[in-house]
Amino acid sequence: MANDGGSMPLSTSTNISTSDEVIAYVLLRVVAGVNLLMHGVSRLLAGKDAFSAHLAEQFAHSPLSQPLVHAFGTALPAIEGLIGLLLLIGLKTRWALVAASLLMAVLTFGSSLVQDWAAAGTQLIYALVFAVLMFLRRYNGWSLDGRVC
C-alpha cells in the first residue's frame, strides 16, 4: 500500500490516542464548541435585553407570541454558552451533541417561519457538523469524557 507521507499505511498499527482521526475529531469538536460558546458569550456581553429585542423585532410578523420570543431570546445565550462549553472541553459530549442538534432544529424552525433561508442553510451546516461529531464519537479521546470514564 502506498504511503503519501502524511498518513500511515492501513497495515501499520498506530497509537489510537494520537491518531489523525483523534486529532481531527478534537479539532472539529473544539471549533464547534468555541463557535457555540462565543455565540452565547457575545450575546450575554452585548446584553440579553438587546438580543431579545432584536429577536422580537425579527419575529414581529410571525405567528409566535412576543412573550415566547422574548423568553427564548433570554434563555438562548445561556443555552448556547453551556452547550458550547461542554463541547469545548469534551464533557458529556454525546448529550451536548444531542442538545446542539435539537437547538438547531428549533432555530431552523424559527428561521423558516420568518423565511430567513440563509440562516436556515447555515443551521443545516451546524446540524451536519454535529451529526458528524456524533457519528465519529469513538474518536473523542482528547476530552474530559475520555478522562472521567
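## Basis

Residues are numbered from 1 along each chain as its sequence is written. The model is predicted, so local features need pLDDT of at least 70 and side-chain atom pairs count only at pLDDT 80 or more, while totals for chains, interfaces and linings use all residues; side-chain values use heavy atoms, with hydrogens and water left out.

## Overall build

The chain has six helices and zero strands. From the N terminus on, the order is α-α-α-α-α-α. Helices (H or I, at least four residues) and strands (E, at least two) are DSSP runs, numbered from the N terminus.

The chain has 149 residues, and 30% of them count as buried. Buried means under 20% relative accessible area, exposed over 50%, and partly exposed in between (1.4 Å probe, protein chains only). A contact means heavy atoms within 4.5 Å. Of the contacts in the chain with a separation of 6 or more, 70% come from residues 24 or more positions apart.

## Helix α5

Helix α5 covers residues 117-135. Its 19 residues should span 27 Å at 1.5 Å a residue, and the end C-alpha atoms are 27 Å apart, which agrees. The expected span is 1.5 Å times one less than the number of residues.

Ala120, Gln123, Phe130 and Leu133 of α5 are buried. They cover an arc of only 130° around the axis, which puts them on the same side of α5. The arc is that of the directions from the helix axis to the C-beta atoms. The buried residues of α5 pack against α1 (20-46), α3 (66-89) and α4 (93-113). On the other side of α5, Trp117, Ala118, Leu124, Ile125, Leu128 and Phe135 are exposed.

## Salt bridge

The structure holds one salt bridge (a side-chain nitrogen of Lys or Arg within 4 Å of a carboxyl oxygen of Asp or Glu). Arginine 43 and glutamate 80 form it, at 2.7 Å from N to O. Arginine 43 lies in helix α1 and glutamate 80 in helix α3, so the pair ties together parts 37 residues apart in sequence.

Arginine 43 counts as partly exposed, at 22% relative accessibility. Glutamate 80 counts as buried, at 3%.

## Charges over rings

A charge sits over a ring if NZ of Lys or CZ of Arg is within 6 Å of the ring centre and within 35 degrees of the ring normal. Arginine 94 lies over the face of tryptophan 95, at 5.2 Å from the ring centre. Arginine 138 lies over the face of phenylalanine 135, at 5.9 Å from the ring centre.
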